[in-house]
Amino acid sequence: GISSEETKRAIMGLVAGKHKVLLRSGDGKSISNDELLQFNPDFESKKLKVSIPLPKKTQKKAAEKQQERDGERKYAVEAAIVRIMKTRKTLLHIDLVGQVLQQLHLFKPQPRLVKERIEDLITRDFLRRDDSNNQMYHYVA
């Protein structure tokens with residue numbers, strides 16, 4: 001069957017908007033389960049067929065979308081770093097950042113994000129810094 005959310009969306013198209021085919025007992029942007037609906041006796045239309053658009057589904061907030069996108073990008077950057085370090089074993093910071101930027105085509109990560117992901121991989125023991133050169137990274141198998 002149809003979910004209650006879809007049913008409420010369809011009913012909102014009949015209640016609100018240009019053509020008010022149904023009248024409702026309550027107010028607000030959503031319909032509650034205990035609300036009464038009745039046919040609008042004053043409803044008139046010059047057309048034989050009346051098209052009633054469905055209200056748009058509620059979109060995720062922009063902040064939530066951005067947060068979700070940032071999370072996905074973090075994983076993509078980490079995966080690129082690990083792939084590069086797995087093949088190279090040892091690499092300078094500048095070379096690693098350059099190769100990560102070159103490898104990721106879907107988006108251009110900021111070098112700051114790449115640095116943060118490198119630091120996170122160091123804390124999670126995927127990479128380690130060189131003892132003598134602070135700009136050199138070693139892949140930990």
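## Crossing of α2 and α3

In this predicted model, helix α2 crosses helix α3 in a right-handed sense. Helix α2 spans residues 62-88 and helix α3 spans residues 93-103; the two pack at an angle of about 120°, and their axes lie 10 Å apart. Because angles from 65 to 115 degrees count as roughly perpendicular and those over 145 as roughly antiparallel, the arrangement of α2 relative to α3 is oblique.

On the α2 side, the contact is formed by Val-77, Ala-80, Ile-81, Arg-83, Ile-84, Met-85 and Arg-88. Helix α3 contributes Leu-96, Gln-99, Val-100 and Gln-103. By class, this contact between α2 and α3 comprises 7 nonpolar, 2 polar and 2 charged residues.

## Crossing of α2 and α4

Helix α2 also packs against helix α4, residues 111-123, with the axes coming within 10 Å and crossing at roughly 70°. The angle makes α2 roughly perpendicular to α4. This crossing, too, is right-handed.

The residues in contact are Lys-74, Val-77, Glu-78, Ile-81 and Val-82 from α2, together with Leu-113, Val-114, Arg-117, Ile-118, Asp-120 and Leu-121 from α4. They divide into 7 nonpolar and 4 charged residues, with no polar ones.

## Salt bridges linking helices and strands

The model contains 7 salt bridges. One of them joins Glu-78 and Arg-117, with the closest N and O atoms 2.5 Å apart. Glu-78 belongs to helix α2 and Arg-117 to helix α4, and the pair links parts of the chain 39 residues apart.

A second pair is formed by the side chains of Glu-119 and Arg-129, at 2.3 Å from N to O. Elsewhere, salt bridges with shared partners join Glu-78, Arg-117, Asp-120 and Arg-124 into one network.

Arg-24 is in strand β1, residues 22-24, whereas Glu-35 is in the loop between β1 and β2 (37-39); the two residues are 11 residues apart. Arg-24 counts as buried because its relative accessibility is 18%, and Glu-35 counts as buried at 14%.

## Residues with positive phi

Most residues other than glycine have a negative phi. Lys-89 has a positive value, near 70°. Lys-89 is located in the loop between α2 and β3 (90-92), and it is partly exposed, with a relative accessible area of 45%.

Asp-125 also has a positive phi, near 65°. Its position is in the loop between α4 and β4 (127-129). With a relative accessibility of 57%, Asp-125 counts as exposed.

Technical notes. Residues numbered from 1 in each chain as written. Predicted model: local features only at pLDDT ≥ 70, side-chain atom pairs only at ≥ 80, totals over all residues. Heavy atoms only, no water. Axes fitted to C-alpha atoms, helices over the stretch in contact; angles between N-to-C directions. Helix = DSSP H or I, 4+ residues; strand = E, 2+ residues; numbered from the N terminus. Parallel < 35°, antiparallel > 145°, perpendicular 65-115°, else oblique. Left-handed = near helix turned anticlockwise from the far one by under 90°. Contact = heavy atoms within 4.5 Å. Nonpolar A, V, L, I, M, F, W, Y, C, P; charged D, E, K, R; others polar. Buried < 20%, exposed > 50% of the residue type's maximum accessible area, 1.4 Å probe, protein only. Salt bridge = Lys/Arg side-chain N within 4 Å of Asp/Glu carboxyl O.
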